[in-house]
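Good morning. Please have the model open as we go.

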Amino acid sequence: MNQAFIDLRSDTVTRPTARMREAMILAPVGDDVYGEDPTVNLLEQTAADMLGKEAALFAPSGTQANLLALISHCGRGDEYIAGQQAHLYRYEAGGAAVLGGIQPQPLDFQVDGTLDLKVVAGLVKPPDFHFARTRLLCLENTQAGKVLPMAYLQQAADLARRLDLRLHLDGARIFNAAVKLQIPAAQIAAPFDSLSVCLSKGLGAPVGSLLCGSAALIDQARRWRKMLGGGMRQAGLLAAAGLIALQEHVARLAEDHAKAQQLAEGLATIDELAVEPAEVQTNMVFAWPVEEVAENLKNYLKEQGIKVGGYGNLRMVTHLDISNRDIERTIATVKRYFGR
Ligand SMILES: *Cc1c(COP(=O)(O)O)cnc(C)c1O
């Protein structure tokens, strides 16, 4: 597909492939609010199977899938614990508080993307009417491209059981983690009561996320989805692309990871940039230039047809529409900026 920019801002910028567009045209559809869209039903069943959960629910966005989880697990006056930089706390417009009456208890992520479980345990409120009722612990995997250690997930699940908390995973990029660890995503999902999964990130679907969990939880979430206006009718058109994403685009995430590694290694040769190729685990590369340089460099890259993200730093995310040549061109352009 003709693309004017090398767009490394996010893996959300992928456009549906020809195979996806074809599947969308041919998809059998029905009214999903009546539960009668065969393609949506197949997508939900496929996702539930791949993630080892009883049921799944198709949602228009990851933001809504996370919100459905939060308000299905927690009631008004309840509390959830999440990373200070977690998408579902920081980047979802405060939806849980606004729409669910749920209080967040954020704490900083550690450098490896985990939450310190000792600190988490200390933040759980005692059963006393002065306090909100702590109900839910939320993790994110991958977290800024980092894969949470499997042993840690078990420890988090043990803590949650001991303290009577539910456990939710923002698994927007769980398949990047699974591909990196070379294990089925279901193994990563196993300790969690619920998880959200994005189809529209590296998997390349134009729209859509799934919330997965027990049949009872998904029943509740379906009611909330309706209330939030997420009940879509012939949504099989979208689900058809999602099926291609799940069936054909998971294994190829390894290519995105290799390109991120290539990009990090190329940029690491530039003295003016701090980049750690060893820290790149999946499809995200972070580079820290001196603060003033960051904005100038970003503007220069944009003039040269390359878009990157980040606040103060550079965030570069590889995906389906980024080629090896794009990576080479990006490295060469950054080098040119620094005068070599
Ligand atoms: C993208 C993303 C989401 C969901 O975002 P939407 O744009 O609402 O689909 C949730 N969590 C994480 C970690 C994400 O990267």
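Two strands pair if DSSP finds at least two bridges between them. Keep that in mind, and keep in mind also that this is a predicted model.

By that rule, β6 and β7 are paired: they are joined in the parallel sense over 4 bridges. One of those places to look at is serine 194 in β7, which is the bridge partner of histidine 168. On to strand β8, residues 209-213. β7 and β8 run antiparallel, with 5 bridges joining them. Here cysteine 198 stands opposite serine 209 in β8, and serine 196 stands opposite leucine 211 in β8.

Now the whole sheet. In what order do the strands of the open sheet come? The order is β2-β8-β7-β6-β5-β3-β4, which makes 7 strands, and the pairing is mixed. β2, residues 55-59, and β4, residues 103-107, are at the edges; each has a single partner strand, so one side of each has no neighbour in the sheet. On average, neighbouring strands of this sheet are turned by 20° against each other, if direction is ignored. Helix α2 packs on the sheet and touches β2, β7 and β8, and its direction makes about 125° with that of β2.

Back to β7 for a moment. Is β7 largely enclosed by the rest of the structure or left open? It is largely enclosed, because 5 of its 5 residues are buried. In a regular strand the side chains alternate between the two faces of the sheet. In β7, Ser194, Ser196 and Cys198 point one way, Leu195 and Val197 point the other way, and all are buried.

Which residues of α8 are buried? They are Ile174, Phe175, Asn176, Ala177, Ala178 and Val179. Just after α8 comes glutamine 182, with a positive phi of about 55°.

Last, the helix pairs. Two packed helices are described by the angle between their axes and the distance between the axes. We have two pairs, and α14 is in both.

Take α12 and α14. Their axes are 10 Å apart, and they pack at an angle of about 20°. Angles under 35 degrees count as roughly parallel, and α12 and α14 are therefore roughly parallel to each other. The crossing of α12 past α14 is right-handed. On the α12 side the contact has Lys259, Gln262, Leu263, Gly266 and Leu267; on the α14 side it has Asn324, Ile327, Glu328, Thr330, Ile331, Val334 and Lys335. By type, the contact residues are 5 nonpolar, 4 polar and 3 charged.

Then α13, residues 291-303, against α14, residues 324-337. Their axes come within 10 Å and cross at roughly 125°. α13 and α14 are therefore oblique to each other. This crossing is right-handed as well. Val293, Asn296, Leu297, Tyr300 and Leu301 of α13 make the contact with Thr333, Val334, Arg336 and Tyr337 of α14. These residues divide into 6 nonpolar, 2 polar and 1 charged.

That is the end of my part.

Technical notes:
Residues are numbered from 1 along each chain as its sequence is written. This is a predicted model: local features need pLDDT of at least 70, side-chain atom pairs count only at pLDDT 80 or more; totals for chains, interfaces and linings use all residues. Side-chain values use heavy atoms; hydrogens and water are left out. Axes are lines fitted to C-alpha atoms, for helices over the stretch in contact, and angles run from 0 to 180 degrees between N-to-C directions. Angles under 35 degrees count as roughly parallel, over 145 as roughly antiparallel, 65 to 115 as roughly perpendicular and the rest as oblique. A crossing is left-handed if the near helix is turned anticlockwise from the far one by less than a right angle, and right-handed if clockwise. Contact means heavy atoms within 4.5 Å. Ala, Val, Leu, Ile, Met, Phe, Trp, Tyr, Cys and Pro count as nonpolar, Asp, Glu, Lys and Arg as charged, and the others, Gly among them, as polar. Buried means under 20% relative accessible area, exposed over 50%, partly exposed in between (1.4 Å probe, protein chains only).
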